[in-house]
Amino acid sequence: MANVPVSQLSKEQQDELVCTYAALILHDDGADVTAQGMANLIKAAGCSVEAYWPMLMAKMIGTVGMDALIKMGGGGGGGGGAAPAAGGASAAGPAAAGGAGGGKEEKKKVEEEEEEEEFDVDVDA
């Protein structure tokens, strides 16, 4: 969504974005991120969203945790870094390319990232 003007977003995307900003503001201020708190902030900002959005977002935040969601990021990402030279070797040598004992550490990091991505959000409204 970062590369698209807000006016070109669908109503659902705009509602999600407004709720996301409301949740971030509440969290940054140290307040509890609740559906009512989000709804009050959204109204005070002169915005409006479908009534289910603050409740949905608050439930997800309560289940997953705001800090965990912030660490996950949006997943949109930008362009990746430069690709390694042919053969996977890099300027840092074979250890950085996965050789000489570096493989175990890299495998552990990849497994941890996969675990972080797998979360279940039960949304019973």
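How far apart should the ends of the 18 residues of α1 be, at 1.5 Å a residue? They should span 26 Å, and the end C-alpha atoms of α1 are 26 Å apart, which agrees. The views below come from a predicted model.

View 1. The secondary structure comes to five helices and zero strands. Read from the N terminus, the elements run α-α-α-α-α. The chain has 125 residues, and buried residues make up 15% of them.

**View 2. Helix α1 has a buried set of residues.** Helix α1 covers residues 11-28. Its buried residues are D15, L17, C19, A22, A23 and L26. What covers them? The cover includes α2 (35-44), α3 (52-64) and α4 (66-72). Follow the chain just past the end of α1 to find G30. This residue takes a positive phi of about 85°.

**View 3. K11 and D15 form a salt bridge.** The structure holds one salt bridge. Its partners are K11 and D15, with the closest N and O atoms 2.7 Å apart. Side chains of opposite charge can pair when their charged atoms come close. Where do K11 and D15 lie? Both are in helix α1, four residues apart, which is about one turn of the helix. The spacing matters here. An α-helix has 3.6 residues a turn, so residues three or four places apart point the same way.

View 4. Is K11 buried or partly exposed? K11 counts as partly exposed because its relative accessibility is 38%, which falls between the limits of 20% and 50%. D15 has a relative accessible area of 1%, so D15 is buried. The cut-off for buried is under 20%. Which residues touch D15, leaving aside its neighbours within four places in sequence? D15 is in contact with S48, V49, E50 and W53. Of these, W53 falls within the range of α3 (52-64).

View 5. The largest nonpolar core has 14 residues. Those with the most contacts inside it are C19, A23, V33, M38, M57 and I61. The elements that give two or more residues to this core are α1, α2, α3 and α4. Which element gives the most? That is α3, with five residues. In soluble globular proteins, nonpolar side chains tend to be buried together.

**View 6. I61 reaches several partners.** Zoom in on I61, one of the core residues with the most contacts. Leave aside its neighbours within four places in sequence. I61 is then in contact with A23, V33, M66 and L69. Two of the names, A23 and V33, are also among the core residues with the most contacts. A23 is also one of the buried residues of α1.

View 7. A58 has its place in helix α3. Is A58 buried or exposed? A58 counts as buried because its relative accessibility is 13%, and the limit for buried is under 20%. Not counting residues up to four places away in sequence, A58 touches V33, T34, A35 and M38. A58 and M38 are 20 residues apart along the chain. Their C-alpha atoms are separated by 8.1 Å.

View 8. Which residues make the nonpolar surface patch of about 380 Å²? They are Y21, L24, I25 and I70. Helix α1 gives the most to the patch, with three residues. I25 is one of the patch residues, and its place is in helix α1. The relative accessible area of I25 is 48%, so I25 is partly exposed.

Notes. Residues numbered from 1 in each chain as written. Predicted model: local features only at pLDDT ≥ 70, side-chain atom pairs only at ≥ 80, totals over all residues. Heavy atoms only, no water. Patch = residues over 30% accessible without salt bridge, like charges linked within 9 Å, V, L, I, M, F, W, Y side chains within 5 Å. Areas by Shrake-Rupley, 256 points an atom, 1.4 Å probe, with all protein chains shown as cover. Salt bridge = Lys/Arg side-chain N within 4 Å of Asp/Glu carboxyl O. Buried < 20%, exposed > 50% of the residue type's maximum accessible area, 1.4 Å probe, protein only. Expected span 1.5 Å × (residues − 1). Contact = heavy atoms within 4.5 Å. Core = buried A, V, L, I, M, F, W, Y, C linked by side-chain atoms within 4.5 Å.
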